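Please look over the points below with the model open.

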Amino acid sequence: MSRIWAGTDCGKTHHHCLVLDAEGDTLLSRRVANDEPELLELIGDVLDIADGGCVTWAMDMTGGEPALLIELLIAHGQELVYIPGVVVNRATDSYRGEGKTDARDAKVIADQARMRRDLLPIRPGDEAAIELRLLTEHRSDLVEDRTRTLNRLKSLLNSMFPALERALDMGTVGALVLLTGYQSPAAIRRTGKRRLTTWLRNRKVYRAEALAAKAVDAAERQHTAVAGEKAISKMVHTLAREVMALNEKITETDKLIEGRFREHELADVITSMPGIGTILGAELLAATGGSMDAFPTPDRLAAFAGVAPAPRDSGQVSGNLHRPKRYHRRLQRVFYTSALVSIRCDPNSRRFYDRKRAEGKRHVQAVLALARRRVNVLWALIRDRRCYTVTPPVTHAA
């Protein structure tokens, strides 16, 4: 056989693999456990069917549940391609039948890999990129937990003591420390400004006197206790502690990310771009696998990051562009956020942004255009392994 395609519908405990030949006929359909002996047996059987020919393995996930299978296939030198789950879901509607089974999904994956030539290959990421992906995902989870807890804290405090909720900046350590000791207006009034200032200073709160004055002023504006004040006070205390603990975890994770990121060979090149620090740089490496091997051109990288417009032409309508629907959300955040920051600190970025605004583009459009331009610059810097400079070096003819 010259070439066969193996589609794999990935699961937590089991995978379903279905193999097609060039005519679309099924050669093998098997459900295998997500364990090394069974996966090795499957790989051996598929290679026996190929009989020396080429095998293209296709799957709808690039990590997580099929991580062991991917490592085994890479170790055996197999070709892997990735089919997004949304593509599989939409393609399924064009096949006969309405039932959904793992075998049917595996067949759709294999058949799409057989017909399409635009699928991205699955390449092994370097160890640093894998670690950074795990660390940045963990940090993202912690930030989401902190945001959720903070919103709950603000809501509870507003229901009991709205004046204090307006007066405090919950993003500061001092406000959280205050709420761990005092929550109700009566308790703050009893303590008084002088004792409250001393209490905050003993806990190393910045500008303790000003914070105490705000709290006492808010307490003087409310002399009525709401129903359930005692229970709400306990919950406010607990949530404030949780936010402080999450802040400590995020700080620890940031140190781990920075230490691992600085060890990467591209760290200096990436952070030389204005607006990209260690966190955004780590997310960039995590999203791209630690290299530009999967992106032969900056256009491919821009499309993957969602900063390149997609055409929507039909009939006599041409030149109609819109924001893409399929892209890497976190990578888009890297380029958009860094472009936003670079406007303030890089003269080249500022000039480009001002020019786009002068052309009539809105703020978001101008920032996206700048992000697209910065993709070209960063891609070239990584290719040449050189750092960004405000004035590019002059190239002399040989």
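1. Strands here are DSSP runs of E, at least two residues long, and helices are runs of H or I, at least four, numbered from the N terminus.

2. The model is predicted: local features need pLDDT of at least 70, side-chain atom pairs count only at pLDDT 80 or more, and totals for chains, interfaces and linings use all residues. Numbering starts from 1 along each chain as its sequence is written, and side-chain values use heavy atoms, without hydrogens or water.

3. β1 (residues 3-9) and β4 (residues 54-59) run parallel and share six bridges; pairing requires at least two bridges found by DSSP. Arg3 stands opposite Cys54. Ile4 has Val55 as its bridge partner.

4. β4 also pairs with β5, in parallel, through four bridges. Here Met59 partners Tyr82 of β5.

5. The six-stranded sheet is open and mixed, in the order β3-β2-β1-β4-β5-β6. β3 (26-33) and β6 (120-121) are the edges; each has a single partner strand, so one side of each lacks a neighbour in the sheet. Helix α4 (residues 102-115) packs on the sheet and touches β1, β2 (14-20), β3, β4 and β5 (79-82), where contact means heavy atoms within 4.5 Å.

Conventions:
Axes are lines fitted to C-alpha atoms, for helices over the stretch in contact, and angles run from 0 to 180 degrees between N-to-C directions.
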